[in-house]
Amino acid sequence: MKKRFIILLILSLFLVSCTSPNKKPTQTQNRTSSIFDIAEVENIKITTSDCNVRAGKGTNFPVVGKLKKGDIVDVVGKFGNWYVVKLPNNRVGCIASDNAKPVVVENEEKQIKEVYRLTDEEQRMVTLINNERTKRNLKPLKVDKELTRVARIKSQDMEKNNYFSHYSPTYGSPFDMMKNFGIKFLAAGENIAANRSIENAHNSLMNSKGHRENILNPNFTHIGVGIEKSSKYGYIITEMFISKPK
């Protein structure tokens, strides 16, 4: 019962955060007080190409996220035919059970899943970038887990080898680095920044013509952000952008 209460509290907090304090709760929002069951499975794999994650157990609830085929997420509970899942950004939502199947995640696969989960700083930077795009009616960039890995390696390389440049003495140009790590793209770009604040770093990039053009490039579809803590700068930030082949 204690575990069920904690899970209910988490879901309730998430749903409250999605509503405006100036609006009266709607009938749909009131339904979120239902207690859900503890699921018998710990993980599910998405089986449909485009899976909506909703704020509650029904298609009348707003979409709060999307998952693609093959994604694996943690299950925290179940509402009838709806799974309550924890998303990679640690938010909670509901997925119809016919969009997924239970899987057993081995330890190695769980470790890989954790590696690809964005840090708070990386997620904040992605949010800042996509806010700039949506304000200008541009599509938000999708986070690519492989590109994220490459961006992290680039930031780590700059910190480890004490340089700050698009050209890496270890991996070469950003484009060579992407290709060597198996990233396929039609077009690509890279921004790098060093700052003690994520917000200040983003503002500096937006105030620079070339960097701003990368952030607002309508042809780019995916992004990878890698942030490494630095005693010298605070943070070393690499943003990699690509237009992904269909």
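This is a predicted model: local features need pLDDT of at least 70, side-chain atom pairs count only at pLDDT 80 or more; totals for chains, interfaces and linings use all residues.
Helix H7 spans residues 198-206, and its buried residues are Ile 198, Ala 201, His 202, Leu 205 and Met 206. These residues lie on the same side of H7, because the arc they cover around the axis is only 135°. At the start of H7, the backbone nitrogen of Glu 199 is approached by a side-chain oxygen of Ser 197, to within 3.3 Å.

A pair of aromatic rings is described by the distance of the centres and the angle of the planes. Three aromatic pairs are found when the whole structure is searched; two of them are described here. In the pair formed by Tyr 171 and Phe 181, the ring centres are 5.7 Å apart and the planes are at 55°, so the pair is classed as tilted. Planes under 30 degrees apart would count as stacked and planes over 60 as edge-to-face. The pair links distant parts of the chain, ten residues apart. Tyr 171 is located in the loop between helix H5 (145-160) and helix H6 (174-180), and Phe 181 in the loop between H6 and S9. Tyr 171 has a relative accessibility of 28% and therefore counts as partly exposed. Phe 181 is likewise partly exposed, because its relative accessibility is 23%; the cut-off for buried is under 20%.

Phe 220 and Phe 241 form an aromatic pair with a centre-to-centre distance of 5.7 Å and an angle of 20° between the planes, and this pair is stacked. Phe 220 belongs to the loop between H8 and S10, whereas Phe 241 is part of strand S11, so the pair ties together parts that are 21 residues apart in sequence. Phe 220 is buried, with a relative accessible area of 5%. Phe 241 is also buried, at a relative accessible area of 0%.

Strand S11 also holds Ser 243. The relative accessibility of Ser 243 is 11%, so this residue counts as buried. When neighbours within four places in sequence are left aside, the contacts of Ser 243 are Phe 185, Leu 186, Ala 187, Asn 219, Phe 220 and Thr 221. Among these contacts is Phe 220, the ring partner of Phe 241 in the stacked pair.

Conventions: Residues are numbered from 1 along each chain as its sequence is written. Side-chain values use heavy atoms; hydrogens and water are left out. Buried means under 20% relative accessible area, exposed over 50%, partly exposed in between (1.4 Å probe, protein chains only). Helices (H or I, at least four residues) and strands (E, at least two) are DSSP runs, numbered from the N terminus. The arc is that of the directions from the helix axis to the C-beta atoms. A polar contact is a pair of N or O atoms within 3.5 Å; within protein, one must be able to donate a hydrogen and the other to accept it, and residues adjacent in sequence count only if both atoms are side-chain atoms. Rings of Phe, Tyr and Trp (its six-membered ring) pair if their centres lie within 6.5 Å; planes under 30 degrees apart count as stacked, over 60 as edge-to-face and the rest as tilted. Contact means heavy atoms within 4.5 Å.
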